[in-house]
Amino acid sequence: MEWNSIFFINSILLGAGLAMDAFSVSLANGLNEPAMRRRRMCLIAGVFAGFQAAMPLLGWLCVHTIVQYFSAVQGFIPWIALILLLFIGGKMLIEGIRDNEEETEQSGTLAIGALMIQGIATSIDALSVGFTISDYGFIMAFVCALLIAAVTFVICMGGLAIGKKFGTKLSGKASILGGAILIFIGIEIFVTGVIL
């Protein structure tokens, strides 16, 4: 592969495609925490961007080192994403249904552990992108990962902003909607990865 405009366009489009799950989860996080500050939005978008960059690089590394082991694990990726997103989404649904004002105020803020799980769940399918960029040298793969991260960051910031706007209007129902979105994303990743 050469350094040309096609490389950059492909990397940006790849980033946009990979960021859709992270966008939806960002939307759910914004719905769940409508009073979120800009610094926190940057943290959340940064975590998603970091995972979206790391997973293709990890996949690229697997292709160049331990491809036989990676192909054995690849079938479990949709299952892992489904379990993680069902867990987080189910938790948000339960908290939203309880509708206890004290509990809603405490649980409105996304814990760092839950954020990391979301980051893994939304980017784990990007491991297989390492196969599509396997003909790149390390520097090209790294630049591709940086472009994916930049696109993901911008898209997630948009998702958080939209979620915050509607989260304020939906108030108590936002957690239920956010949880339902996460569950739907988990099912979509599973169906796409296993059935289709």
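User: How many helices and how many strands does the secondary structure of the protein chain come to?

Analyst: This is a predicted model. The protein chain has nine helices and zero strands. Read from the N terminus, the order of elements is α-α-α-α-α-α-α-α-α.

User: What share of the 196 residues counts as buried?

Analyst: Of the 196 residues, 45% count as buried. The chain exposes about 9900 Å², and carbon and sulfur atoms supply 71% of that area. For contacts with a separation of 6 or more, 92% join residues 24 or more positions apart.

User: How do I read a pair of packed helices?

Analyst: Two packed helices are described by the angle between their axes and the distance between the axes. Take H4 (residues 77-98) and H6 (residues 112-123): their axes come within 9 Å and cross at roughly 145°. The crossing is left-handed. On the H4 side, Ala-81, Leu-84, Leu-85 and Ile-88 make the contact. H6 contributes Ala-114, Ile-117, Gln-118, Ile-120 and Ala-121.

User: Which residues form the nonpolar patch on the surface?

Analyst: Trp-3, Phe-8, Ile-12, Phe-138, Ile-139, Phe-142 and Leu-146 form it, with about 690 Å² of accessible area together. H8 gives the largest share, four residues.

User: Why is Ile-12 called partly exposed?

Analyst: Ile-12 lies in helix H1. Its relative accessible area is 39%. Partly exposed covers the range between the 20% cut-off for buried and the 50% cut-off for exposed, so Ile-12 at 39% is partly exposed.

Note on methods
Residues are numbered from 1 along each chain as its sequence is written. This is a predicted model: local features need pLDDT of at least 70, side-chain atom pairs count only at pLDDT 80 or more; totals for chains, interfaces and linings use all residues. Side-chain values use heavy atoms; hydrogens and water are left out. Patches are made of residues with over 30% relative accessible area and no salt bridge: like charges are joined within 9 Å, nonpolar side chains (Val, Leu, Ile, Met, Phe, Trp, Tyr) within 5 Å. Accessible areas come from the Shrake-Rupley method with a 1.4 Å probe; for residues, only the protein chains shown count as cover. A salt bridge is a side-chain nitrogen of Lys or Arg within 4 Å of a carboxyl oxygen of Asp or Glu. Helices (H or I, at least four residues) and strands (E, at least two) are DSSP runs, numbered from the N terminus. Buried means under 20% relative accessible area, exposed over 50%, partly exposed in between (1.4 Å probe, protein chains only). Axes are lines fitted to C-alpha atoms, for helices over the stretch in contact, and angles run from 0 to 180 degrees between N-to-C directions. A crossing is left-handed if the near helix is turned anticlockwise from the far one by less than a right angle, and right-handed if clockwise. Contact means heavy atoms within 4.5 Å.
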